[in-house]
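Open the viewer and keep the selection tool at hand.

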Amino acid sequence: MTAGLPRQAHASWWMEEARAAFEPEPCPPLAGETAADVVILGGGYTGMWTAWFLLERDPSCDIVLLEGDELCGSGPSGRNGGFCYGVWEDLETLVRFFGDDDALRVAHTAHRSVGEIEAWLDAQGVDVWFTRAGHLTIATAGAQDGAWDPLVEEATRLGVADGRFVALDAGAVRARCDSPVFRSGLLQPDNAILHPARLALGLRQALLARGVRIYESSPVARFAEGPPVRVETRDGGVVTSERGVLGLGAWASSLPAFRRSIVPRGTYIVVTEPAPERLAEIGWTGGEGLADWRTALRYFRATPDGRIAFGAASAAAGLGVGLGPRLRYDERSIVKLVDDFYRFFPSWRDVAIEAAWGGPMDVTGRHLPSFGTLPAGTIHYGLGYTGGGVGPCHLGGKILSALALGISDEHTSLPLVDLEMLRFPPEPLRSVGAALTQHAIVRKDEAEDLGERAGPLTDFVARMPRRMGYELGR
């Protein structure tokens, strides 16, 4: 490893902390053959919330959940920034694709998950450091000033802006968190932050207590839609079931059905050592989750013991858009992330970075999650959260549990269900295009950070996805 780089966390610093707090005993891998009513592929939030709501709807449902890692939640669910919100920031996109009424229906329904997650945590007695202090998005360069105006105008037109979006001038922003790069911003007061890995392990603990059969270290080798559904693990385990659910995130890109609908993209986080006195000095004591308005946005939040976790979705997509080690710890991306952190918070320069980690997220063409059913009608899927799944995965669990049980309700009638996914160009255009476009987006963002304009070619390539009808970021 390059000298001076922070250590690579095991899965994430969040998961290291959560394992120490929960002391979970990994479940054994699947051995031999078994049968179930529903088999779930993937032990992240989507798979686990689906299992939970299956039991809420049908307490007798026999569920097998397969997780490829040593512990459920070791993927994106346990390593994200811990920002818990719905899809209000995507209101313009929702209106463009679904029209006013359905856009509002999706936004209102998705946002209910924030309060319902909080209520679930209280009922289960799970401490995930849940803090409902709002989500503040900030202009950190002149090019970002007022970037939220179209969103607020659309919300105002639809009559949903009051109390949901609060514009703050630079003074009000810096009163909440003082940084030399902070300008004006937009506060969504009703959003929350939490400890993502504690939520994952709390869900896992609750499912085990209710009799869900979880098999960890059981990566799936292949599956057949049937009927019946048949799933084989790499070590020879076999599950047959009436129905199946895919909650694979970026790993679904390896399946033929989704190969042209998902582009995995790396996102990384660093976390500091505790320095609560420094948080007090910059006035960041309210618990807000923060982010900027770059296309490859940066996001950051504090912890109860006085750390700052600072992340960015600025990694190159990479040729082949693979899912290998580079997307878990890309040295160039992490060096840039550390530099950005100290530029944002120069008073923290003598506070060490304790750890870094990362991994792929599932980027889709609409920047919205999609839910549906594979052709045989036996396997249902939910994917495409594009880094914002902490809240929407809860809604996804409701949708997928209803689909698996053949129930039609307010959740399965949302236009996110049976939404045809936009297709990216075939290979090699997909991976080459993803790499070139992401590189241009990052170069454009970095030029604007310096108060400069990107060159005409860089600007043209960075804007190309939107001209082609894709929503890949702000």
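Which residue just after H7 takes a positive phi? Select Gly211: its phi is about 95°. Keep in mind that this is a predicted model.

**Stop 1: helix H7.** Now select residues 196-209, which form H7. Check the length. At 1.5 Å a residue, 14 residues should span 20 Å, and the end C-alpha atoms are 20 Å apart, so expectation and model agree.

**Stop 2: the cover on H7.** Colour H7 by burial. Of its 14 residues, 11 are buried. They include Pro196, Ala197 and Arg198 at one end of the list, and Ala206 and Leu207 at the other. Arg204 is buried too. Next, show what covers these buried residues: helix H1 (13-22), helix H2 (45-57) and helix H4 (100-124) are among the elements that do.

**Stop 3: the whole protein.** Zoom out and switch to cartoon. Along the principal axes, the C-alpha atoms fill a box of roughly 60 × 45 × 45 Å. Burial covers 59% of the 474 residues. Among contacts between residues at least 6 apart in sequence, 77% join residues at least 24 apart.

**Stop 4: surface and charge.** Finally, select the charged side chains: 46 are positive and 60 negative. The centres of the two sets lie 5 Å apart.

Key
Residues are numbered from 1 along each chain as its sequence is written. This is a predicted model: local features need pLDDT of at least 70, side-chain atom pairs count only at pLDDT 80 or more; totals for chains, interfaces and linings use all residues. Side-chain values use heavy atoms; hydrogens and water are left out. Buried means under 20% relative accessible area, exposed over 50%, partly exposed in between (1.4 Å probe, protein chains only). Contact means heavy atoms within 4.5 Å. Lys and Arg count as positive and Asp and Glu as negative; His and the chain ends are not counted. The place of a charge is taken as NZ of Lys, CZ of Arg, CG of Asp or CD of Glu. Helices (H or I, at least four residues) and strands (E, at least two) are DSSP runs, numbered from the N terminus. The expected span of a helix is 1.5 Å times one less than its number of residues.
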